[in-house]
Structures are given as structure tokens and as C-alpha cells.
Amino acid sequence: MTEGFEARGAWAAAGHGMSAAAGHGSSGERTLAPFGRRRLPVVGRREYGAYVVISVADPGGPAPDPGQFAMLAAAERWGGGADERPFLPRAFSVARRHHDGTLDFLLEDVGPGTNRLAELDDGDDVWLLGPLGRGFAPPHDGRRPILVGGGVGIAPLAILQDALGPSPLVLLGFRDVDHAAGAALLCDPNVATDDGSVGHHGFVTELLASEMDVALRSSQARSSGRRYIEVYACGPPPMLEAVRALCAEHGVPAQLALESGMACGFGACFGCVVPTRDGYVRLCVDGPVLDAAVLEAVT
Ligand SMILES: Cc1cc2nc3c(=O)[nH]c(=O)nc-3n(C[C@H](O)[C@H](O)[C@H](O)COP(=O)(O)OP(=O)(O)OC[C@H]3O[C@@H](n4cnc5c(N)ncnc54)[C@H](O)[C@@H]3O)c2cc1C
Ligand code: FES
């Protein structure tokens with residue numbers, strides 16, 4: 001386990017042989033966020049090509065499980081004025097937690113909320129509510145984890161790798177070299193880019209397909225009835241659907257961190273519902289990590 005990850009719950013108990021999660025999500029128990037949002041100082045800002053990482057000091061906050069998220073808003077200039085759009089807070093995966101409680105968030109500037117957060121620096125404050133939701137569960141039955149990330153979806157895989165240690169295979173896909181700079185957040189990743197500017201020219205799911213082929217052909221996989229690997233993925237819906245379909249085809253379990261529009265983040269607004277084989281679930285409380293087996297498809 002590397003610097004910064006404080007194991008609790010399922011992760012603390014895991015000799016990497018924990019029983020499966022309750023419900024649709026993966027992590028058996030939720031880390032309960034303190035009631036109300038907290039005003040916290042930004043203590044760092046770093047650029048990784050197309051991405052920005054902001055660091056927020058949260059020494060008294062609970063340690064998040066890998067895959068949990070927080071609702072963030074800038075403390076100042078977050079809408080309401082004549083020229084500013086009134087903002088709801090926005091959902092962000094916790095990308096890393098340092099020993100002193102500092103939380104890192106990886107941002108891609110896609111609209112007004114991410115734009116405002118990405119310009120924050122030392123001396124600014126954020127409002128933070130979290131950690132929220134159900135994160136990833138430790139690998140079941142000692143399986144070897146394969147982490148698959150696409151774009152800004154690599155964020156929860158960084159804290160997951162902190163929890164798992166350096167052993168997992170990490171496959172990351174980006175659209176180009178500028179975005180591939182984000183791969184520096186994880187140790188020893190295999191990178192694919194859509195335009196071939198870095199690493200494999202093509203989709204990260206092509207890397208996954210060949211790695212699964214190798215893993216499932218191994219003698220250990222044959223003797224364990226294909227129960228040898230477990231896939232952890234976060235990325236855009238087409239990537240997650242390709243991961244889900246590939247894993248379903250080969251009988252490999254997968255935990256998928258999904259996204260949907262979130263207004264509250266704690267189960268009150270029903271704005272984040274997604275369909276599962278068992279009906280609709282609220283992604284903010286039943287996810288954002290769902291077992292791939294409960295999904296007909298990722299849309
Ligand atoms: C659990 C969770 C974890 C997330 N983690 C991260 C993260 O680590 N880093 C990061 O940069 N972003 C993350 N996001 C997405 C982030 O919340 C949105 O990018 C953000 O809300 C966009 O706000 P905006 O005001 O900048 O843009 P908006 O104007 O609100 O949206 C810009 C564009 O992004 C699309 N969009 C907005 N929100 C979402 C969403 N939730 N899912 C898919 N598309 C969306 C819109 O349709 C639009 O095309 C996460 C979302 C969820 C639900
Ligand atoms: S975001 Fe409000 S219920 Fe999920």
C-alpha cells in the first residue's frame with residue numbers, strides 16, 4: 001500500500017479476499033460524510049497537460065474509500081451574481097488522499113463549474129460535501145486486479161492503486177498526448193491514445209482484450225475456472241460498455257465507476273438514477289461503482 005491511503009471497512013479487513021458487497025455497489029459499507037458541507041482551503045494546483053489537479057486540505061474529514069466522490073463548489077464566485085450562472089455543486093471522484101488528509105481532485109475543464117474550480121489556487125476555499133457513495137470493493141477471492149481508465153476517469157483509479165499497491169496492471173486511454181499527461185497520476189501505466197501520439201494507437205479496450213486473452217489462457221486461470229482476474233474501470237460510457245461486454249463475454253467480474261448528472265449527491269433529488277437489471281438505482285448512494293453484472297448495458 002503506498003503513501004496516503006488509510007484503509008477502513010472492507011479495505012481494512014481485506015487480505016484481498018473479502019466477501020462481496022451488499023447491494024448493487026461494490027464497497028460493502030459507505031463512509032458517512034459529516035452532516036453539512038465544509039469550507040476547506042485549496043493548498044495546491046498542478047497542471048497535467050489538459051488536466052488540473054487541485055489539492056484541498058481536509059485533515060479532520062473521514063478517509064474516503066477508493067471510488068467515492070465529493071460534491072465541490074468554489075467558496076467565492078460560484079454563481080448568483082448578475083453575470084454568473086447559478087451553480088449547483090459538481091461531483092468529483094477523490095483521486096488521492098495524502099497522510100495529512102489532503103485530498104486531490106483531477107479536473108477536466110468541460111464547462112463553467114469545472115472551469116471555475118480549475119482556476120482555484122492556494123488561498124482560495126472550496127465547499128466540500130463528502131465522501132459520498134459506494135466505492136470499489138477489494139478484489140474478490142484473491143483475483144488479480146486490472147485497472148482500466150479513460151480520460152478523466154483515471155481519477156478514482158489513482159486512489160485505488162494507492163490501496164492495492166503497485167501490483168495491479170494499469171491500462172489507461174486518452175484522446176491525445178496532451179491528455180495522456182494525466183497518466184503521471186498512476187504508477188507504471190500502459191497507455192493508449194486515439195491518435196497514436198503516445199503508446200498504443202487505438203482504444204484502451206484493445207489493450208484490455210489482449211491482456212485478458214493472456215490472463216485467461218494462463219494455466220492458473222484454467223485451473224481456477226477463469227476466476228483469476230477482476231476488472232476495475234472508470235471512463236466515458238462507450239468505454240465502460242466495451243469493458244462490460246468484454247468481461248461478460250469472458251466471465252470476468254468487473255466493477256464499473258459510472259457517471260450521471262448529480263444535483264444533490266446524497267439521495268434526495270433522484271436526478272442521478274440509472275437503469276439496472278433490478279430497476280432504477282440512485283447512482284450517488286447505490287454507486288457510483290456498480291457491479292457490471294447488474295447492468296444490461298452502460299448507456
Ligand atoms: C461520481 C462522479 C465523479 C466525477 N468525477 C469527476 C472527476 O474526477 N473529474 C472531472 O473532471 N469530472 C468528474 N465528474 C464529472 C463532473 O461532475 C462534470 O464534468 C461536471 O459536473 C461538469 O460541470 P460543468 O459546469 O463544468 O459543465 P456542464 O456545463 O455542467 O457540463 C459540460 C458537459 O459535460 C456534460 N456533463 C456534465 N456533468 C456530467 C456528468 N456527471 N456525467 C457526464 N457528463 C456530464 C454535460 O452534458 C456537458 O456536455 C464526475 C461526475 C460524477 C457523477
Ligand atoms: S444526485 Fe440527488 S439523488 Fe443522486
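This is a predicted model: local features need pLDDT of at least 70, side-chain atom pairs count only at pLDDT 80 or more; totals for chains, interfaces and linings use all residues.
**Ligand 1 and its surroundings**

A nitrogen atom of ligand 1 is placed 2.7 Å from an N or O atom in the side chain of Glu259. Taken alone, ligand 1 exposes 870 Å², and the protein buries 71% of that area.

Where ligand 1 sits
- The pocket that holds ligand 1 is the largest pocket.
- Three elements, namely β4 (90-93), β6 (103-108) and α2 (112-118), each give two or more residues to the shell around ligand 1.
- Of the elements in that shell, β4 gives the most, with four residues.
- In total, 21 residues surround ligand 1, and the closest are Ala91, Leu106, Gly113, Thr114 and Glu259.

Polar contacts of ligand 1
- Thr114, which is listed among the closest residues, has a polar side-chain atom that lies 2.5 Å from an oxygen atom of ligand 1.
- At Ser93 the contact is made by the backbone, where a polar atom is 3.0 Å from a nitrogen atom of ligand 1.
- Glu259, also listed among the closest residues, takes part through an N or O atom in its side chain, at 2.7 Å from a nitrogen atom of ligand 1.

Aromatic residues
- When the whole structure is searched, three aromatic pairs are found.
- A pair of aromatic rings is described by the distance of the centres and the angle of the planes.
- The ring of Trp127 has the charged end of Arg37 sitting over it, at 4.1 Å from the centre of the ring.

Terms used. Residues are numbered from 1 along each chain as its sequence is written. Chains are lettered from A and ligands numbered from 1 in the order in which they are written. Side-chain values use heavy atoms; hydrogens and water are left out. Rings of Phe, Tyr and Trp (its six-membered ring) pair if their centres lie within 6.5 Å; planes under 30 degrees apart count as stacked, over 60 as edge-to-face and the rest as tilted. A charge sits over a ring if NZ of Lys or CZ of Arg is within 6 Å of the ring centre and within 35 degrees of the ring normal. A residue is near a molecule or strand if one of its heavy atoms lies within 4 Å of it. A polar contact is a pair of N or O atoms within 3.5 Å; within protein, one must be able to donate a hydrogen and the other to accept it, and residues adjacent in sequence count only if both atoms are side-chain atoms. Accessible areas come from the Shrake-Rupley method with a 1.4 Å probe; for residues, only the protein chains shown count as cover. On a 1 Å grid over the protein atoms alone, a cavity is a set of points where a 1.4 Å probe fits but cannot get out, and a pocket is an open set with protein on both sides within 12 Å along at least five of seven lines; lining residues have an atom within 4 Å of a point. A molecule sits in a cavity or pocket if more than half of its atoms lie within 2 Å of its grid points.
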